[in-house]
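Morning, everyone. Please have the sequence and the model open while I talk.

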Amino acid sequence: MSATNDIPAHALERLKGLRGEGHAGGIFTSDFSVNEFLLVRKAGFEPVGLCVGSCIYHVGIQYGNWSKNEEMTVLSQAMYHAREAAMSRMREEAADMKADGVVGVRLTVKRLEWDSNVLEFLAIGTGVVHAAGRSGFKGPKDQPFTSDLSGQDFWTLLHAGYRPLEMVMGSCVYHVAHRGLLKTLGSTGQNVELTNFSQALYDAREIAMERMQSEAIEAGAEGVVGVDLHEGSHNWQPHVIEFFAVGTAVTPITTELAASTIPDPQLVLSVNS
């Protein structure tokens with residue numbers, strides 16, 4: 001499907017009003033704070049506009065074995081495909097505004113009230129372009145890079161000689177086996193590890209992390225920074241949980257800098273709750 005077919009008509013009209021190539025009289029839009037805006041500009045980039053991708057997805061039904069730890073592959077695939085659709089549409093908007101990449105991407109999942117099996121997946125970030133027109137900042141396959149780095153972290157990363165390639169992610173929806181009645185009664189009042197639960201959660205996290213790592217390898221990254229590991233149930237039946245790993249794959253801009261030449265990072269204190 002082409003980018004034009006995937007982007008709503010009103011979004012295409014909005015993109016026409018943004019400042020960029022062929023639109024010198026337009027404006028930029030961004031969700032940067034003032035400090036982020038200034039540091040992104042100091043890094044040599046200019047914001048072009050907000051990039052948005054949305055996917056409303058009906059998640060199928062899968063039942064787990066009551067007494068077995070196992071991945072819910074139908075649900076894992078649904079969560080991954082829906083997020084990827086939202087990310088792809090956001091990237092299409094970035095490509096349409098001729099951005100080099102997207103900074104500060106937020107990827108959220110929200111259950112919609114009209115159906116407990118319907119979820120909205122939303123990807124949003126700020127498209128940026130190199131102010132001097134310097135090439136070499138695109139992601140894999142010459143597509144705009146994607147990154148969940150803040151404006152401050154983006155500046156620090158570039159200053160250290162690295163650049164973002166793309167947001168990489170891994171998802172695993174897992175059914176945690178129930179404990180039998182005898183085992184439950186046998187541990188009443190005792191300090192004891194629930195080994196089946198420990199093993200299930202350990203295994204599910206590792207699957208999500210492994211899939212994220214595989215995406216980074218496929219992108220040709222040297223590593224992944226800012227990894228976050230989310231847990232959520234999304235209103236599924238008891239004992240079913242999703243582990244979602246996400247981070248930004250990075251690579252050296254030219255050659256890797258010696259550790260002694262990398263500038264000291266700046267101290268940033270968050271006042272968010």
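Ground rules. This is a predicted model, so local features need pLDDT of at least 70, side-chain atom pairs count only at pLDDT 80 or more, and totals for chains, interfaces and linings use all residues. Residues are numbered from 1 along each chain as its sequence is written, and side-chain values use heavy atoms, with hydrogens and water left out.

Strands, then. Helices (H or I, at least four residues) and strands (E, at least two) are DSSP runs, numbered from the N terminus. Two strands pair if DSSP finds at least two bridges between them.

Now β8. β8 has β6 as an antiparallel partner, through 13 bridges. One of those pairs is His175 with Val240 in β8. β7 also joins β8 antiparallel, with eight bridges. Here Gly223 has Val250 in β8 as its bridge partner. How many of the residues of β8 are buried? The count is 13 of 13. Buried means under 20% relative accessible area, exposed over 50%, and partly exposed in between, with a 1.4 Å probe and protein chains only.

Next, the helix α4. The expected span of a helix is 1.5 Å times one less than its number of residues. For the 24 residues of α4 that gives 34 Å, and the end C-alpha atoms are 34 Å apart, which agrees. Just after α4, Lys98 has a positive phi of about 60 degrees.

Two loop residues have positive phi as well. Asp142 is in the loop between β4 and β5. Its phi is near 60 degrees, and Asp142 is not a glycine. Asp142 counts as exposed because its relative accessibility is 56%. His239 is in the loop between β7 and β8. Phi of His239 is about 75 degrees, again positive in a residue that is not a glycine. At 29% relative accessible area, His239 is partly exposed.

On to the pockets. On a 1 Å grid over the protein atoms alone, a cavity is a set of points where a 1.4 Å probe fits but cannot get out; a pocket is an open set with protein on both sides within 12 Å along at least five of seven lines, and lining residues have an atom within 4 Å of a point. Points join across faces, edges and corners, and volume is the space filled by probe spheres set on them.

The largest pocket holds about 360 Å³. It has 16 lining residues, and closest to its centre are Glu84, Arg91, Pro140, Glu166 and Glu218. α4 (73–96), β6 (162–175) and α7 (195–218) each give the lining at least two residues.

The second largest pocket has about 250 Å³. Among its 16 lining residues, Leu107, Thr108, His230, Phe244 and Val246 lie nearest the centre. β7 gives the largest share, five residues.

Last, cysteines. A disulfide is a pair of cysteine sulfur atoms within 2.5 Å. The whole structure has zero. Cys51 is buried, at 0% relative accessibility. Cys55 is buried too, at 6%.
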